[in-house]
Amino acid sequence: LDIDQENSRLTVEVIQPEFLAAEAIEYRYHITGLEQGWTDWSANNNIIEIPYLPSGDYQIEVEAKDIFGS
């Protein structure tokens, strides 16, 4: 994905299919090249908003877990 430097705002939405308790899914993410470490687990972390993305190469890693920790 190439992003123009002047329009470098980015929003990524991640969805983990879960039919029993979708509201109980929690997410965390890490952006290699931008942030240090993983975010805390949160049901709201399925939407990743990056208001400004400097020039460079990045990788977004996302993990999801259900109410059983799987």
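**Exercise 1. In what order do the elements of the protein run from the N terminus on?**

Solution. The elements run β-β-β-β. The model is predicted, so local features need pLDDT of at least 70 and side-chain atom pairs count only at pLDDT 80 or more, while totals for chains, interfaces and linings use all residues. Residues are numbered from 1 along each chain as its sequence is written, and side-chain values use heavy atoms, with hydrogens and water left out.

**Exercise 2. Describe the protein by its burial, surface and contacts.**

Solution. 
- Step 1, burial: 21% of the 70 residues count as buried. Buried means under 20% relative accessible area, exposed means over 50%, and partly exposed lies in between (1.4 Å probe, protein chains only).
- Step 2, surface: the protein exposes about 5,300 Å², of which carbon and sulfur atoms supply 47%. The areas come from the Shrake-Rupley method with a 1.4 Å probe.
- Step 3, contacts (heavy atoms within 4.5 Å): among those between residues at least 6 apart in sequence, 59% join residues at least 24 apart.

**Exercise 3. Which residues make up the largest nonpolar core, and which elements give two or more residues to this core?**

Solution. 
- Step 1: a nonpolar core is a set of buried Ala, Val, Leu, Ile, Met, Phe, Trp, Tyr and Cys residues joined through side-chain atoms within 4.5 Å.
- Step 2: the largest one has six residues, namely Leu10, Tyr29, Ile31, Ile48, Ile50 and Leu53.
- Step 3: strand S2 (26-32) and strand S3 (47-50) each give two or more residues to this core.

**Exercise 4. How many salt bridges does the structure hold? Locate each and state the accessibility of its partners.**

Solution. There are three salt bridges, each a side-chain nitrogen of Lys or Arg within 4 Å of a carboxyl oxygen of Asp or Glu.
- Step 1: glutamate 49 pairs with arginine 9, with the closest N and O atoms 3.1 Å apart. Glutamate 49 is in strand S3 and arginine 9 in the segment before strand S1 (10-13), so the pair links distant parts of the chain, 40 residues apart. Arginine 9 counts as exposed at 55% relative accessibility, whereas glutamate 49 is partly exposed at 46%.
- Step 2: glutamate 26 pairs with lysine 65, at 3.9 Å between the closest N and O atoms. This pair joins strand S2 to strand S4 (residues 59-65) across 39 residues. Glutamate 26 is partly exposed at 28%, and lysine 65 is partly exposed at 24%.
- Step 3: arginine 28 pairs with glutamate 63, the closest N and O atoms being 2.8 Å apart. Arginine 28 is in strand S2 and glutamate 63 in strand S4, 35 residues apart. Arginine 28 is partly exposed at 21%, and glutamate 63 is partly exposed at 31%.

**Exercise 5. Is histidine 30 buried or exposed, and what does the side chain of histidine 30 make a polar contact with?**

Solution. 
- Step 1: histidine 30 lies in strand S2.
- Step 2: histidine 30 counts as buried, because its relative accessibility is 14%.
- Step 3: the side chain of histidine 30 makes a polar contact with that of threonine 32, at 3.4 Å. A polar contact is a pair of N or O atoms within 3.5 Å; within protein, one must be able to donate a hydrogen and the other to accept it, and residues adjacent in sequence count only if both atoms are side-chain atoms.

**Exercise 6. Where does asparagine 46 lie, and which residues does asparagine 46 touch beyond four places away in sequence?**

Solution. 
- Step 1: asparagine 46 is in the loop between S2 and S3.
- Step 2: asparagine 46 is buried, with a relative accessible area of 16%.
- Step 3: leaving out residues up to four places away in sequence, asparagine 46 touches Val12, Glu13, Val14 and Tyr27.

How values were computed
Helix = DSSP H or I, 4+ residues; strand = E, 2+ residues; numbered from the N terminus.
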